[in-house]
Amino acid sequence: MLPFSYTLIVVLLGTVILGGIAGMIGTLVVFRSQALIGDALSHATLPGVVIAFMLMQARQLEVLLVGAFISAVIAMFLLDVIKHHTTIKFDASMALILSAFFGFGQVLLSHIHKDGSAAQAGLSRFIFGQAATLLRSDVYLLAGVALLLFVLLMLFFKELKLFIFDEPFFVSLGFSRRIMNALITFMVVMIITIGIRMVGVILMSALLIAPAVAARQFSNRFGINVFLAWLIGGIGGAVGTYMSAARANMPTGPVIVLVLGVIVLFSVLFSFNDGLIKHAFLNWRYRIQIQKYRALIHFYENPDKAPMAEDDYAYFINHDYLRHTNGDLNLTKKGLKKVRLIKGVVDNEY
Amino acid sequence: MMDHDKLITVEDITVKYDRITALKHIQFDIFPGDFIAVVGVNGSGKTTLAKSILNLLRIHEGRVVWHNGTKIGYLPQHAGLEDRHFPATVFEVVSSGLLKDKAFPKWLNKADRNIIFDMLRLFDIETLADKRIGSLSGGQQQRALLARSMVMNPDILILDEPTNALDQESRGRFMQLLKSLNLENKLTIMMITHDVASVESYANRILYLEKHLLFDGSFEKFCETQPFSPYIHTHPKRFDKKGETS
Ligand SMILES: Nc1ncnc2c1ncn2[C@@H]1O[C@H](COP(=O)(O)OP(=O)(O)OP(=O)(O)O)[C@@H](O)[C@H]1O
Ligand SMILES: [Mg+2]
């Protein structure tokens, strides 16, 4: 058992807050079918970080994050321009922006390296993230941003939901599409900006997407989905951080992403919407039932010429599936229900 | 200006998609109590016109004015339900029609719920209230979206081929309903339709589009002035008219 040191508690707080809020915001992105946008924008922050460092000659986190934010906003703007003024598909333009910005960031980074600047090591932590060196002040910043995003999400929850579900209708009510797009972009860019320092630009999008995908398997209500994504993101952050702390030299970010990946895997298996396990179970139950009640179903389909085995006959009479009324053998209500249930399963599921 | 007795003014609009011009210099007003049927062949710009009125498209020239906060109920031609797994129930979808009028925190009160259930009953989908919208059939979804566009008590309903997913019986009942809403509740309606044969029995005004607005007026006038419209050929009324006049 690992003792909860001060440092560990700080890091845990950070990853839990980040995982939770990223999961909530990620739900919006996933339901907009824009899962890739998190990836594109987080990669696009890299040149901003490096340029901010070069211009300001400063290592303060806040300065670098402002650079990251601006860089992501520029990327978003370019995506918008491409969308409206060319016929390039949106996913292709995201891939283009992602690699162009990330490549540019790498070039700038190697340039600094050539200069022999000692700070280069500090900058490359933005690529893979470095949650283990989280400071108390970092957590305050994180908590502040998370609170802001949470309040925005709650204030505009119904609007966001309707906008994502049916944009044309939303606009026809007199709401502004531009403001809604800006709001969602702002939230995504903010969460990425504060997240990259911990998990890095490469893995950041997993924190957005994975909790939402897992949560989606378990609920038919949007609000509950958002809540579950918050919970799963938080749990992923906590478990990942704890596991990486328990083994020396295990990087926190990748372990969190790994944990989230496992949660997604299980959610797909055990989903009660259309999980694989549920399918297997229904299939199995169906086969058992069809064995047991085969004669009953047969009787339902051909009530006149259905020779029935003694055992079956006795069982169905005893359990009130069949009854003699006016000398005729008939299905009881219970029997009818049973047959319909089994046949219903056939119609619905197979 | 007499603008207070207009609901919507379409001021000389031209709308383009990339290089295609879909609407050219369209100009008309919508007055309270109008029942407008918008007709025209496929690709003539009917849906584009509806979307332009609703601010869903960029208008290249001219503008659309909603006079003093006109509330518009809109039924799109293709229900915007690309994601059949989106977690929203029929009840939630219908209730979203009330979103604009509610103040924060936008909780539904008893009266709202009653209105929503009235609408669900009106369109015969109350038993589906708790079903996921994506699990419904196309016609059922269309009813839900109709209920949504009505629940806000709009000044005007803009309907893009509202009956094309409805079965024969519901179609008749729905048109009856629209007619009585128009006559008794003075609800203004603009309906895009290909069913020109029955336009006469409800609409007081026809807009005939073919990129330009070729005609704006009553059905009677339409028959007289647009004799070569592809619609009129197939319309039995035309022959009646000939019989009368000759
Ligand atoms: N999103 C779009 N991008 C490019 N062109 C479009 C788009 N939507 C419509 N158009 C073009 O604009 C013209 C008018 O289309 P519109 O959908 O308004 O026609 P419509 O009258 O509603 O037809 P229908 O009776 O088939 O519904 C057509 O030539 C169509 O090809
Ligand atoms: Mg159309």
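1. The shell around ligand 1 is made up of B:Tyr17, B:Ile20, B:Ala22, B:Gly40, B:Asn42, B:Gly43, B:Ser44, B:Gly45, B:Lys46, B:Thr47, B:Thr48 and B:Gln77, where a residue is near a molecule if its C-beta atom, placed from the backbone, lies within 6 Å of it. Strand 2 (20–30) and helix 1 (46–53) of chain B are the elements that give two or more residues to this shell, and helix 1 of chain B supplies the largest share, three residues. Helices (H or I, at least four residues) and strands (E, at least two) are DSSP runs, numbered from the N terminus. By class the shell has three nonpolar, eight polar and one charged residues; Ala, Val, Leu, Ile, Met, Phe, Trp, Tyr, Cys and Pro count as nonpolar, Asp, Glu, Lys and Arg as charged, and the others, Gly among them, as polar.

2. This is a predicted model, in which local features need pLDDT of at least 70 and side-chain atom pairs count only at pLDDT 80 or more, while totals for chains, interfaces and linings use all residues. Residues are numbered from 1 along each chain as its sequence is written, and chains are lettered from A and ligands numbered from 1 in the order in which they are written.

3. Between the chains, 19 residues of chain A are in contact with 16 residues of chain B, a contact being two residues whose C-beta atoms, placed from the backbone, lie within 7 Å. On the chain A side, the elements that give two or more residues are helix 7 (157–165), helix 8 (167–172) and helix 10 (222–246), with helix 8 of chain A contributing the largest share, five residues. That side of chain A has eight nonpolar, six polar and five charged residues.

4. Chain A comes to 15 helices and two strands, and its domain assignment, which is automatic or taken from a database, gives domain 1 (6–273) and domain 2 (277–349). The C-alpha centres of domain 1 and domain 2 of chain A lie 54 Å apart. The C-alpha atoms of chain A fill a box of roughly 100 × 55 × 35 Å along the principal axes. The radius of gyration of chain A is 28 Å, whereas a compact globule of 350 residues would have one near 20 Å, the value being taken over C-alpha atoms and the globule rule being 2.2 Å times the number of residues to the power 0.38.

5. The largest nonpolar core has 153 residues, of which A:Ile25 and A:Ile191 touch the most other members, and helix 9 (residues 177–216) of chain A gives the most to this core, with 24 residues. Such a core is a set of buried Ala, Val, Leu, Ile, Met, Phe, Trp, Tyr and Cys residues joined through C-beta atoms within 7 Å. Leaving aside neighbours within four places in sequence, A:Ile25 is in contact with A:Leu149, A:Met187, A:Val188, A:Ile191 and A:Leu208. A second, separate core of six residues includes A:Tyr293, A:Leu296, A:Phe299 and A:Phe316.

6. A:Leu8, found in helix 1 (residues 6–31) of chain A, is partly exposed because 16 other C-beta atoms lie within 10 Å; a residue is buried with 20 or more such atoms, exposed with 12 or fewer, and partly exposed in between, C-beta atoms being placed from the backbone. The C-alpha atoms of A:Leu8 and A:Leu134 are separated by 9.3 Å, although these residues are 126 residues apart along the chain.

7. Chain B comes to eight helices and nine strands, and 37% of its 246 residues count as buried.
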